[in-house]
Amino acid sequence: MITLTDFLIVSVMLFCIGLYMIVSKRNAIQILIGIELILNAAILNLVAFGKHDATNNSGQVFALFAIVLAAATTAVALAIILNVYRKYKTIDPGKINNLRD
Amino acid sequence: MSLVRVLFYFMGFIAVASALYAASTTNLVRSIFVFFVTLFALAGLYVLAMADFVAVTQVVIYVGGILVLILFAFMLSGKETLDVLRQQKGKFFSIGKLPAILLAALFFIVMINVVLKADVNNLSWVKASIANNNTITPNAVMIDNIGVNLMTRYLLPFEAISVLLLMALVGAAHLSRKEAGA
């Protein structure tokens, strides 16, 4: 039987890898992948705890909401990245130093 | 050790290892493609947590939607994006990444401690749910229950997320349009 602690440990590992990617990467697309990893760690927690809620399905339903939220975030973030690339010719967040013009 | 446990460790290992590889490689395309593997392994973990519908949604939306979107944006942005990557140091343990590694490691230590000390398997509501037979069993069909709950109990969040999705769609289309008149 898989215990809840096992799921939480895998989720903590994924969260820390995502955190490392967000802090260290110099590329907006890889930072986005780090954010997706953190979201997936959260979804894994929701699903693992949702196993113990068979009547209301709260964990699974909110995992679905989180997945849809991630899709919306990614679409907007990629549009912003494309715009930033068009303006600065780079997607390194360290080199982008002003918001408009 | 049962087969389910072996499968859990196998998929957890694949998920963590591929995420580590995606974090450490300097090749952006390889990083994106390895992220596919992480998402598939996570879908497997969702199945082991008795959430088949969430696993299918994960495969459809993440792998079919988000990753194709990322690849599409990456291919559109031209080959100068790769030059950014080539400039940075190739090693995983370079001195510039030390703060990031330190931050992640400290977070890891703190959160592992919290998880091990919290003793989540003996939470009162988890025990009550096991005692009341409210835990999902492997042969239960949950999809119709999820559908009914989505349309009754969680109708307000459902509507809110649909409005948010529409807003994100319009916003993304507005942001990525061609510059014509400001």
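This is a predicted model: local features need pLDDT of at least 70, side-chain atom pairs count only at pLDDT 80 or more; totals for chains, interfaces and linings use all residues.

Guide: Happy to, and one term comes first: buried means under 20% relative accessible area, exposed means over 50%, and partly exposed lies in between (1.4 Å probe, protein chains only).

Residues are numbered from 1 along each chain as its sequence is written, chains are lettered from A and ligands numbered from 1 in the order in which they are written, and side-chain values use heavy atoms, with hydrogens and water left out.

Gln60(A) sits in helix H3 of chain A; helices (H or I, at least four residues) and strands (E, at least two) are DSSP runs, numbered from the N terminus. What does Gln60(A) contact, leaving aside its neighbours within four places in sequence? The partners are Met50(B), Ala51(B), Val54(B), Ile136(B) and Ile146(B), where contact means heavy atoms within 4.5 Å.

Follow the first of those names across. Met50(B) is in the loop between helix H2 (28-48) and helix H3 (52-76) of chain B. Its relative accessibility is 17%, so Met50(B) counts as buried. Phi of Met50(B) is near 65°, a positive value in a residue other than glycine.

Next look at Thr57(B), in helix H3 of chain B. Thr57(B) is buried because its relative accessible area is 14%. Apart from neighbours within four places in sequence, Thr57(B) contacts Leu64(A), Ile67(A) and Tyr62(B).

Now step back to see how the two chains meet. The contact draws 71 residues from chain A and 85 residues from chain B. About 7300 Å² is buried between chain A and chain B, and carbon and sulfur atoms give 74% of that area. Buried area here is the accessible area (1.4 Å probe) that two parts lose on being put together, summed over both.

Charged pairs come next. A salt bridge is a side-chain nitrogen of Lys or Arg within 4 Å of a carboxyl oxygen of Asp or Glu. Between chain A and chain B the count is one salt bridge. Asp6(A) forms it with Arg5(B), and the closest N and O atoms are 3.2 Å apart. With 12% relative accessibility, Asp6(A) counts as buried.

There are also 22 residue pairs in polar contact between chain A and chain B, both residues being at pLDDT 80 or more. A polar contact is a pair of N or O atoms within 3.5 Å; within protein, one must be able to donate a hydrogen and the other to accept it, and residues adjacent in sequence count only if both atoms are side-chain atoms.

Which helices of chain A supply at least two residues each to the side that touches chain B? They are helix H1 (4-24), helix H2 (28-50) and helix H3 (58-88). H3(A) gives the largest share of that side, 23 residues. The side of chain A that touches chain B divides into 46 nonpolar, 16 polar and nine charged residues. Here Ala, Val, Leu, Ile, Met, Phe, Trp, Tyr, Cys and Pro count as nonpolar, Asp, Glu, Lys and Arg as charged, and the others, Gly among them, as polar.

Finally, the rings. Rings of Phe, Tyr and Trp (its six-membered ring) pair if their centres lie within 6.5 Å; planes under 30 degrees apart count as stacked, over 60 as edge-to-face and the rest as tilted. By this rule there are seven aromatic pairs over all chains. In one of them, the rings of Phe7(A) and Phe8(B) have centres 4.9 Å apart and planes at 70°, so the pair is edge-to-face. Phe7(A) is in helix H1 of chain A and Phe8(B) in helix H1 (residues 3-24) of chain B, so this pair joins two chains. Both Phe7(A) and Phe8(B) are buried. The rings of Phe8(B) and Tyr9(B) have centres 5.8 Å apart and planes at 65°, so that pair is edge-to-face as well. Tyr9(B) counts as partly exposed because its relative accessibility is 38%.
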